[in-house]
Amino acid sequence: MRYRFPGVIIIVTLVVVIAALLLVVGPTTAQAPAQRGQPAAAAPPRAINGKPNFTGLWQSIGTANYDIQDHSARPGPLFQLGAVGAIPGGQGIVEGNEIPYQPWALAKKKENQANWLARDPEVKCYMPGIPRATYMPFPFQIVQSQKDIAIAYEFATANRVINMGTPREAAVDTWMGTSNGRWDGQTLVVDVTGFNEDTWFDRSGNFHSDALHVVERYTLRSQDVIDYEATIDDSKVFTRPWKIRLPLYRRLEQNARLGEFKCVEFTEELLYGNLRKQAK
Amino acid sequence: MKGRFQMRARNLASLASIVVLTIAGLMLLTSASATGQTPAAPKAAAAKAFTPPKTPWGDPDLQGTFTSDDYINTPLQRPANLGDRLYLTNEEIAAREATIKSTAQTDLQEFAGANARVGTGPPSHWGERAKHPPKQTSLIVDPPDGRMPPLTAEARTRKAGIGAGNNDPRPDSWEDFTYYIRCITRGVTGSIFPVIYGNGTQIVQGPGYVTILQEMVHEARVIPLNVGTHVSGNIRTYMGDSIGHFEGNTLVVDTTNFLAGKTGTGPNGGGTPTSDALHLVERFTRVDADTVNYEVTIDDPKTYTKPWKVAFPIYQEPGYQLFEYACHEGNYAMKNSLSGARAQDKADEAAGKK
């Protein structure tokens, strides 16, 4: 996609450019360049242009993907799977544990939960959206440059690039939303808009509409732990904004790296099996 | 194209990419003038002398959003009558330039004429177009004839998936289609070889990593740098295990551990599926502010009788950005193709009974 270059933008651009050049030039001189030609020896820089470096492989621990609210252990929908298919209990990640649904929406949440396997987009290998991608039982990789920040999620190869430049409006509704980032001191704040209404928050039917607006905050508690917080606002579904909060842990295994979970092939029999040519 | 066109909004959304481009441009101007170079120097000379900017942690900075659109009409394999000639002549380039201009005019037409004959395909302006004439006669640069080396005897027995717009042979199931049509992947080479649209590649670097994101089927390759070894051969994936390092200003990416029998090495990952012995070596070199030269050597002794090499430039264009390509999520084409095939089965059966 491309568009014309209006004259006004040149002025805005120049201002941003000068600011950016100052930012780039300043801390660069103070920082030793990473060692090259040596396998994995050099420790990663703790800061990039004075901001904490979030680059790494991260993952949540817990049962939030089953249910973001406090929940007891319960049987799964397929008895054949026995203990393997049961749902572990656990503490939720919702501040105050209450999701302020409007009455109709609470009814729909319950209906969703009763029809979990038929309705959960995760079952179909659809992109999980934000914030769910953060606390699925898969790692994700943050790659932070001096400009934009890429996040690649292992599940379904979902990904997004957080625009750290002049904020841009969501051009179209998408599964992963449009992410604009900024720094609030040492905290990375990501404003995500432009969602469709097709993703869920968990396997318990918690849902939203296309009015969803998520503001994420990433703060390093230590080198290997991020305090993650997201404010969720959706005036079509909830009566007020609400928050989730959880820690994210760095994957510390030697040679830890992002795997590939392209799950489409695991869903095709489910999605298209009725259209397979039948043996005579 | 079976409903895989995504909505491409045209609005003032990508101010940020303009800013990034301008920053890159200004930084280059600064560094170029410091070393006494003129940015307008011809490409060949610039390729030798150009010094790319560095990231704050000292790696050559390849970042940006690039497209291979200029090579849309350049075939992977060179037409036999061109022999060993890799480059187009000045006359041929001028002719391409004229075609690009006239096509741009045609694309301005929003509505078909009252008596126009229209098919079921998309209107011409839906596809992406080359903006500048390509220099090459083929994407394959080695062997010198620009042709894929012969397949091994075993590889000739492998079945290639059914591509877009092809309903013969009739699909028994989704498994008969290419991995692209199934919205799974186009493989490493298929994700960067130019096709009719969605040719965007975005590079984001961090300390110790390079990420290569591709719009179509939303790929994101996270390539660790200087880690030395691949993961165990027991771990196999569609996109393989990529490790990288810089040789001078060139990013070299070595990829192995592929699944066997998935994508091929044609555009969109079509053609004869490659084997578990596939080994790719890619080289990314920024040769001027807006251009990265891409090169890939394809070595798969179980599939091709010798290695071969593809090379072409990808370049930045003001305002070009990646959009989310939710392929599987909206793959109505798969359901429709299969239900169409089953309807044909039924019709055949009914006709046979009469």
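Q: How do you know what share of the contacts in chain B with a separation of 6 or more comes from residues 24 or more positions apart?
A: Take the contacts in this predicted model, where two residues count if their C-beta atoms lie within 7 Å. Of those in chain B with a separation of 6 or more, 65% are between residues 24 or more positions apart. For chain A, 57% of the contacts between residues at least 6 apart in sequence join residues at least 24 apart.

Q: What are the two chains built from, in helices and strands?
A: Chain B has 5 helices and 10 strands, and chain A has 4 helices and 11 strands. On burial, 44% of the 354 residues in chain B are buried, while 37% of the 280 residues of chain A count as buried.

Q: What makes Tyr238(B) buried or exposed?
A: Use the cut-off again: 20 or more other C-beta atoms within 10 Å. Tyr238(B) has 20 of them, so it is buried. You'll find Tyr238(B) in the loop between β5 (219-224) and β6 (241-247) of chain B.

Q: Which residues does Tyr238(B) touch, not counting those up to four places away in sequence?
A: From chain A, Tyr238(B) touches Glu260(A) and Lys262(A). From chain B, the list is Ile184(B), Thr185(B), Gly187(B), Leu259(B), Lys262(B) and Thr263(B). As for Tyr179(B), its C-alpha atom is separated by 9.7 Å from that of Tyr238(B), and the two are 59 residues apart along the chain.

Q: Which members of the largest nonpolar core touch the most other members?
A: They are Ala150(A), Ile151(A), Ala152(A) and Ile223(B), in a core of 108 residues. Membership calls for a buried residue of a listed nonpolar type, joined to others through C-beta atoms within 7 Å. In soluble globular proteins, nonpolar side chains tend to be buried together. Leaving out neighbours within four places in sequence, Ala150(A) is in contact with Val143(A), Asn159(A) and Val161(A), and with Val204(B), Thr211(B) and Leu213(B) from chain B.

Q: Why are β6 and β7 of chain A said to stand at the edges?
A: Read off the order of the open sheet of 9 strands in chain A: β6-β5-β4-β3-β11-β10-β9-β8-β7, with antiparallel pairing. β6 (159-162) and β7 (178-184) each have a single partner strand, so one side of each is left without a neighbour in the sheet. From one strand to the next, the twist averages 25°.

Q: How do you know that β9 and β10 of chain A pair?
A: Pairing takes at least two bridges between two strands. Strand β9 (residues 213-222) and strand β10 (residues 225-233) of chain A have 9 bridges, in the antiparallel sense. Val215(A) stands opposite Thr231(A), and Val214(A) stands opposite Ile232(A). A hairpin of 2 residues joins β9(A) to β10(A).

Q: What joins β8 of chain A to β9(A)?
A: There are 5 bridges between strand β8 (residues 187-193) of chain A and β9(A), which run antiparallel. One bridge partner pair is Val190(A) with Glu216(A) in β9(A).

Q: Where does the pLDDT stay under 50 in chain A?
A: Look at residues 1-6, with 14 contacts beyond four places in sequence, and residues 19-41, with 30 such contacts. The mean pLDDT of chain A is 89, and 85% of its residues reach 70 or more. Chain B has a mean of 86, with 85% of its residues at 70 or more. Over residues 1-47 of chain B the pLDDT is below 50, and this stretch has 78 contacts in the model beyond near neighbours in sequence.

Q: What ipTM and pTM does the predictor give the complex?
A: The complex gets an ipTM of 0.85 and a pTM of 0.85.

Terms used: Residues are numbered from 1 along each chain as its sequence is written. Chains are lettered from A and ligands numbered from 1 in the order in which they are written. This is a predicted model: local features need pLDDT of at least 70, side-chain atom pairs count only at pLDDT 80 or more; totals for chains, interfaces and linings use all residues. A residue is buried if 20 or more other C-beta atoms lie within 10 Å of its own, exposed if 12 or fewer, and partly exposed in between; C-beta atoms are placed from the backbone. pLDDT is the predictor's confidence in each residue, from 0 to 100. Axes are lines fitted to C-alpha atoms, for helices over the stretch in contact, and angles run from 0 to 180 degrees between N-to-C directions.
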